[in-house]
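Student: I would like to learn how to read a structure like this one. Please take me through it step by step.

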Amino acid sequence: MAHVSVDFEADAAYLQVSDHQVVETIEILPGLLIDLDELRCAVGVEVLSLALEIPVEEITHRYHVRREDLAALAQMRPAITNFVARQAAGTVGQGRTGTLKVLTQA
(Lines give C-alpha, C1' and ligand atoms only; values in the text may rest on other atoms or scores of the structure.)
Protein backbone atom coordinates (compact mmCIF):
# COMPACT_ATOMS: atom_id res chain seq x y z
CA MET A 1 0.00 0.00 0.00
CA ALA A 2 1.23 3.47 -0.85
CA HIS A 3 1.04 6.18 1.78
CA VAL A 4 0.52 9.87 1.06
CA SER A 5 1.44 12.55 3.61
CA VAL A 6 0.16 16.03 2.88
CA ASP A 7 1.26 19.32 4.42
CA PHE A 8 -1.36 21.87 3.35
CA GLU A 9 0.52 24.75 4.98
CA ALA A 10 3.62 24.01 2.88
CA ASP A 11 1.49 23.05 -0.18
CA ALA A 12 3.47 19.81 -0.41
CA ALA A 13 2.92 16.05 -0.44
CA TYR A 14 5.03 12.91 -0.12
CA LEU A 15 4.05 9.59 -1.66
CA GLN A 16 5.93 6.68 -0.09
CA VAL A 17 5.91 3.58 -2.31
CA SER A 18 8.61 1.49 -0.59
CA ASP A 19 10.15 0.91 2.82
CA HIS A 20 13.65 0.63 1.34
CA GLN A 21 16.41 2.95 2.50
CA VAL A 22 16.81 6.18 0.54
CA VAL A 23 20.34 6.50 -0.86
CA GLU A 24 19.79 9.32 -3.34
CA THR A 25 17.27 12.08 -4.02
CA ILE A 26 16.97 13.59 -7.48
CA GLU A 27 14.89 16.45 -8.83
CA ILE A 28 13.22 15.41 -12.08
CA LEU A 29 11.26 18.66 -12.44
CA PRO A 30 11.30 21.86 -10.42
CA GLY A 31 9.30 20.96 -7.32
CA LEU A 32 9.27 17.21 -7.97
CA LEU A 33 11.81 15.06 -6.13
CA ILE A 34 12.26 11.30 -6.28
CA ASP A 35 13.87 9.36 -3.43
CA LEU A 36 15.73 6.33 -4.79
CA ASP A 37 17.07 3.14 -3.21
CA GLU A 38 20.39 1.44 -4.00
CA LEU A 39 18.91 -0.05 -7.21
CA ARG A 40 17.61 3.38 -8.35
CA CYS A 41 14.02 2.30 -7.72
CA ALA A 42 11.63 4.87 -6.29
CA VAL A 43 11.14 4.86 -2.54
CA GLY A 44 9.07 8.03 -2.55
CA VAL A 45 7.93 11.00 -4.54
CA GLU A 46 7.95 14.49 -3.01
CA VAL A 47 5.73 17.10 -4.61
CA LEU A 48 6.53 20.65 -3.49
CA SER A 49 3.39 22.15 -5.04
CA LEU A 50 0.04 20.39 -4.96
CA ALA A 51 -0.82 22.01 -8.32
CA LEU A 52 2.17 20.38 -10.05
CA GLU A 53 1.42 17.98 -12.90
CA ILE A 54 3.09 14.67 -12.09
CA PRO A 55 4.65 12.77 -15.03
CA VAL A 56 3.29 9.42 -13.91
CA GLU A 57 4.47 7.39 -16.90
CA GLU A 58 8.03 8.73 -16.70
CA ILE A 59 8.28 7.98 -12.99
CA THR A 60 6.84 4.50 -13.52
CA HIS A 61 9.25 3.56 -16.28
CA ARG A 62 12.45 5.37 -15.29
CA TYR A 63 12.31 4.69 -11.56
CA HIS A 64 10.69 1.26 -11.55
CA VAL A 65 7.54 2.14 -9.68
CA ARG A 66 5.44 -0.99 -9.48
CA ARG A 67 2.28 -1.04 -11.61
CA GLU A 68 0.05 -1.28 -8.53
CA ASP A 69 1.62 1.92 -7.22
CA LEU A 70 0.83 3.68 -10.50
CA ALA A 71 -2.77 3.82 -9.30
CA ALA A 72 -1.64 5.61 -6.12
CA LEU A 73 0.25 8.21 -8.14
CA ALA A 74 -2.77 8.76 -10.38
CA GLN A 75 -5.10 9.04 -7.37
CA MET A 76 -2.90 11.43 -5.41
CA ARG A 77 -4.35 14.71 -6.71
CA PRO A 78 -8.05 13.68 -6.49
CA ALA A 79 -7.48 12.35 -2.97
CA ILE A 80 -5.83 15.61 -1.91
CA THR A 81 -8.55 17.69 -3.56
CA ASN A 82 -11.24 15.64 -1.82
CA PHE A 83 -9.49 15.95 1.55
CA VAL A 84 -9.13 19.74 1.16
CA ALA A 85 -12.81 20.07 0.21
CA ARG A 86 -13.87 17.97 3.21
CA GLN A 87 -11.61 20.02 5.48
CA ALA A 88 -13.10 23.28 4.15
CA ALA A 89 -16.61 21.89 4.72
CA GLY A 90 -15.71 21.03 8.31
CA THR A 91 -16.24 17.29 7.92
CA VAL A 92 -12.63 16.49 8.90
CA GLY A 93 -10.29 18.05 11.46
CA GLN A 94 -9.31 21.67 10.94
CA GLY A 95 -5.56 21.13 11.31
CA ARG A 96 -3.49 22.35 8.37
CA THR A 97 -1.44 19.17 8.09
CA GLY A 98 -3.13 15.92 7.24
CA THR A 99 -2.27 12.40 6.24
CA LEU A 100 -4.04 10.48 3.52
CA LYS A 101 -3.74 6.82 2.67
CA VAL A 102 -4.22 5.83 -0.94
CA LEU A 103 -4.82 2.14 -1.45
CA THR A 104 -3.26 0.38 -4.37
CA GLN A 105 -4.52 -2.70 -6.14
CA ALA A 106 -3.24 -5.94 -4.67
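**Reading the chain and one tyrosine**

Tutor: The protein chain has two helices and six strands, where helices (H or I, at least four residues) and strands (E, at least two) are DSSP runs numbered from the N terminus. This is a predicted model, in which local features need pLDDT of at least 70, side-chain atom pairs count only at pLDDT 80 or more, and totals for chains, interfaces and linings use all residues. Residues are numbered from 1 along each chain as its sequence is written, and side-chain values use heavy atoms, with hydrogens and water left out.

Student: Which pattern does the protein chain follow along the sequence?

Tutor: The pattern reads β-β-β-β-β-α-α-β.

Student: How is burial read, and what percentage of the 106 residues is buried?

Tutor: Buried means under 20% relative accessible area, exposed over 50%, and partly exposed in between (1.4 Å probe, protein chains only). In this protein chain, 42% of the 106 residues are buried.

Student: Why does Tyr-14 count as partly exposed?

Tutor: Tyr-14 counts as partly exposed because its relative accessibility is 23%. Tyr-14 is part of strand 2, residues 12–16.

Student: Which residues is Tyr-14 in contact with, beyond its neighbours within four places in sequence?

Tutor: Contact means heavy atoms within 4.5 Å. With those neighbours set aside, Tyr-14 touches His-3, Val-4, Ser-5, Asp-35, Val-43, Gly-44, Val-45 and Glu-46.

Student: Which side chain makes a polar contact with the side chain of Tyr-14?

Tutor: A polar contact is a pair of N or O atoms within 3.5 Å; within protein, one must be able to donate a hydrogen and the other to accept it, and residues adjacent in sequence count only if both atoms are side-chain atoms. Here the partner is the side chain of Asp-35, at 2.7 Å.
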